[in-house]
Amino acid sequence: MLLLENYLPARQSKINKRYRWTGNFTLLIVSSITAKLVLPLGVVGVAIYCTEYQLGLFNVVNLPYWLSVVIGVVLLDLLIYWQHRLFHVVPWLWRLHKVHHADSHVDASTGLRFHPIEIVLSILLKALLVFILGIPAVAVIIFEIALNGFALFNHANIRLPKSLEVLFRKIIITQELHRIHHSQVVSETNSNYGFSVVFWDRIFGSYRAQAKKQDCDIDIGLKEWPATNSNASLLRLLTMPFKNKSK
């Protein structure tokens, strides 16, 4: 995605890519280290533990393995949809999530830009669901690959050919749909929460097909965090949730 958007960019960044990427990728490193310190074995480790000791609902009711995997992936996907939605609605959670939305430009690196505390909370929520249901490790691995793959895909600074865009958006969150979610217009930010398929947004009434402006003209980011080099620094990203600025 990084290579593709470099040769076929949909939009131009307001600040130098070097500053944005330095902040975004160093934040990813800090978040990854923090997550490993909190839960060293990860969510997959929790799933393996539950299988070994036959813990969780799926192990009690003895579902067919393939069905446990399918249901596990679907429920993890649903969990992330509602987690994302709550991070927009609950003020103290929004303080954490706005680090992601404060990026003045959306590209593949934005899909990796999350505050360490948000990453930890997300991991703990997934681990809790896995523990309660006894979701198989294979389901967790499939989901995590999809989660990261789709995050890079729908944040990528590319524009699909119109014929593909029309087709893909019937099933998955495309780049144009997700750029609506990164709009500075609050009603548009609070839409298209899904990271993979569009079905949850359609079912729960948060789907938005078009922004007020055309895709190339959408104002990306947050008004209170202007597109400046200093706002893209690692220190600013780590301290942003504790600054007294609201949505």
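1. Leu237 is buried, with a relative accessible area of 0%; buried here means under 20% relative accessible area, exposed over 50%, and partly exposed in between (1.4 Å probe, protein chains only). The residue lies in helix H13 (residues 234-239), where helices (H or I, at least four residues) and strands (E, at least two) are DSSP runs numbered from the N terminus.

2. On the source: this is a predicted model, in which local features need pLDDT of at least 70 and side-chain atom pairs count only at pLDDT 80 or more, while totals for chains, interfaces and linings use all residues. Residues are numbered from 1 along each chain as its sequence is written, and side-chain values use heavy atoms, with hydrogens and water left out.

3. Leu237 and Gly23 are 214 residues apart in sequence, yet their C-alpha atoms are 7.5 Å apart in space. Beyond its neighbours within four places in sequence, Leu237 is in contact with Gly23, Asn24, Leu27, Val99, Arg113, His115, Asn231 and Ala232. Contact means heavy atoms within 4.5 Å.

4. The largest nonpolar core has 22 residues, and those with the most contacts inside it are Val46, Leu76, Val130, Ile135, Val140 and Phe143. Such a core is a set of buried Ala, Val, Leu, Ile, Met, Phe, Trp, Tyr and Cys residues joined through side-chain atoms within 4.5 Å. Two or more residues each come from helix H3 (42-52), helix H5 (65-89), helix H7 (116-133) and helix H8 (137-155). In soluble globular proteins, nonpolar side chains tend to be buried together.

5. The buried residues of H3 are Gly42, Val43, Gly45, Val46, Ala47 and Cys50. Their cover includes helix H4 (57-61), H7 and H8. Setting aside neighbours within four places in sequence, Val46 is in contact with Leu39, Ala127, Val130 and Phe131. Just after H3, Gln54 takes a positive phi of about 55°.

6. Asn59 is placed in helix H4. A polar atom of its side chain lies 3.4 Å from the backbone oxygen of Cys50. Not counting residues up to four places away in sequence, Asn59 touches Cys50, Thr51, Gln54, Leu133 and Gly134.

7. Leu4, found in helix H1 (residues 2-7), is partly exposed, with a relative accessible area of 37%. Met1, Leu3, Leu4, Tyr7 and Leu8 make a nonpolar surface patch of about 570 Å².

Conventions. A polar contact is a pair of N or O atoms within 3.5 Å; within protein, one must be able to donate a hydrogen and the other to accept it, and residues adjacent in sequence count only if both atoms are side-chain atoms. Patches are made of residues with over 30% relative accessible area and no salt bridge: like charges are joined within 9 Å, nonpolar side chains (Val, Leu, Ile, Met, Phe, Trp, Tyr) within 5 Å. Accessible areas come from the Shrake-Rupley method with a 1.4 Å probe; for residues, only the protein chains shown count as cover. A salt bridge is a side-chain nitrogen of Lys or Arg within 4 Å of a carboxyl oxygen of Asp or Glu.
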